[in-house]
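Here are my notes on the model you asked me to look over. Please read them with the structure open.

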Amino acid sequence: MPQSSTSAAPLGLTVAAVARQLGVAPATLRTWDRRYGLGPSEHASGAHRRYTAADLARLEHMRRLVIAGVPPADAAREANSGAVASESSPSGSPANLLRPDGARWNRARPAPEGRAGGGRVVALPGATPAVRGLARAAVSLDGHACSGIVDDSIARHGVIWTWDHLIVPVLIGVGERWENSGSGIEIEHLLSASIGASLSATARSLQEPVSSRAVLLACAAEELHVLPLMATAAALAEEGVSARLLGDRLPLSALEEAVRRTGPAAVLVWAQLPGSAAAADLARLPNYRPTPTILIGGPGWFGDLPSGVSRVSSLQDAVERIAHSVGA
């Protein structure tokens, strides 16, 4: 079984070395140190402070939580609380992760060896058969099966339930597998493409929107994670609301132009990567007429929210607020 990088981490790591291990920018580490106290603890007289193995473990825990959608301040509190040393899955991932709606997955201990399901290749302790099946299909690189499982869940339970209880757990499990083994990025890519196809099909199925007012969904300028917005568009379609997905890495100037041209009822901008998007940059959007509802989602935002801009806490929250803005 692959070992977590924390188990073999040398003492006295520099900021640059820790940034390389975690796959984040050095500026992000400095921000986490300044804002949340997740900085280096080793200090020798006359030398720069260095990160210890324990520091690195806390930062790895923080990064996993943030990638899972936990607001950075909440993730930092958990990382600083020592939760990283609590019960964990075989892959070394934290035992408790937050769902987009803020509740916890109470992940049980690993299933006994030999139990069938995706848990053999992706750490999914306590997972449902559908979650294990989706993980198994992804590891087998069976995109058709992945889409079929997601399609069936959407038909049975709707987009929001499927996102919270099926898609997100598997994405987290697959991501942790890659983090701990360094292999399997093709699994994540195929899974994301299959999920995206299902969500897009659901969004396209809307024939008669309840409102002609535009709804714009866009990623922040440095953001590539578009799946949350695809899920939002699909969930809105179930409510009879049509949304225009502007895609990833949209420059602020382009977003402003889209708002000016369409006069939308609502705008949702997503940022996933920690510290990648400044909320203050959106200050001009509420000044357009008619005034749109401006929402931001994801853990990548930093800084105070400008007047007229609000943060959504979950997919459910985003859908409800956008639907309200168009009168649905």
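Predicted model: local features only at pLDDT ≥ 70, side-chain atom pairs only at ≥ 80, totals over all residues.

1. Overall make-up. The protein has 11 helices and 9 strands. Of its 328 residues, 48% are buried. The accessible surface is about 15300 Å². Carbon and sulfur atoms account for 52% of that surface.

2. Contact range. Take the contacts between residues at least 6 apart in sequence. Of these, 66% join residues at least 24 apart.

3. H5 against H6. Helix H5 spans residues 129-139, and helix H6 spans residues 143-157. Their axes lie 8 Å apart, at an angle of about 160°. Angles over 145 degrees count as roughly antiparallel, so H5 is roughly antiparallel to H6. The crossing of H5 with H6 is left-handed.

4. Residues between H5 and H6. H5 contributes Ala130, Gly133, Leu134, Ala137 and Ala138. They meet Ala145, Cys146, Ile149 and Val150 of H6. By class, this contact has 8 nonpolar residues, 1 polar and no charged. The spacing within each helix is worth a look: an α-helix has 3.6 residues a turn, so residues three or four places apart point the same way.

5. H6 against H8. Helix H8 covers residues 185-204. The axes of H6 and H8 come within 9 Å and cross at roughly 40°. That angle makes H6 oblique to H8. The crossing of H6 and H8 is right-handed.

6. Residues between H6 and H8. From H6 come Gly143, Cys146, Ser147, Val150, Asp151 and Ile154. From H8 come Leu190, Leu191, Ser194, Ile195, Ser198, Leu199 and Thr202. The contact of H6 with H8 divides into 7 nonpolar, 5 polar and 1 charged.

7. H11 and its cover. Which residues of helix H11 (residues 315-325) are buried? They are Leu315, Asp317, Ala318, Val319, Ile322, Ala323 and Ser325. Note that Asp317 is on that list. The cover over the buried residues of H11 includes helices H7 (159-181) and H9 (227-238). It also includes strands E3 (215-219), E5 (266-270), E7 (293-297) and E9 (309-311).

8. After H11. Gly327 follows H11. Its phi is positive, near 80°.

Definitions and conventions: Residues numbered from 1 in each chain as written. Heavy atoms only, no water. Helix = DSSP H or I, 4+ residues; strand = E, 2+ residues; numbered from the N terminus. Buried < 20%, exposed > 50% of the residue type's maximum accessible area, 1.4 Å probe, protein only. Contact = heavy atoms within 4.5 Å. Areas by Shrake-Rupley, 256 points an atom, 1.4 Å probe, with all protein chains shown as cover. Axes fitted to C-alpha atoms, helices over the stretch in contact; angles between N-to-C directions. Parallel < 35°, antiparallel > 145°, perpendicular 65-115°, else oblique. Left-handed = near helix turned anticlockwise from the far one by under 90°. Nonpolar A, V, L, I, M, F, W, Y, C, P; charged D, E, K, R; others polar.
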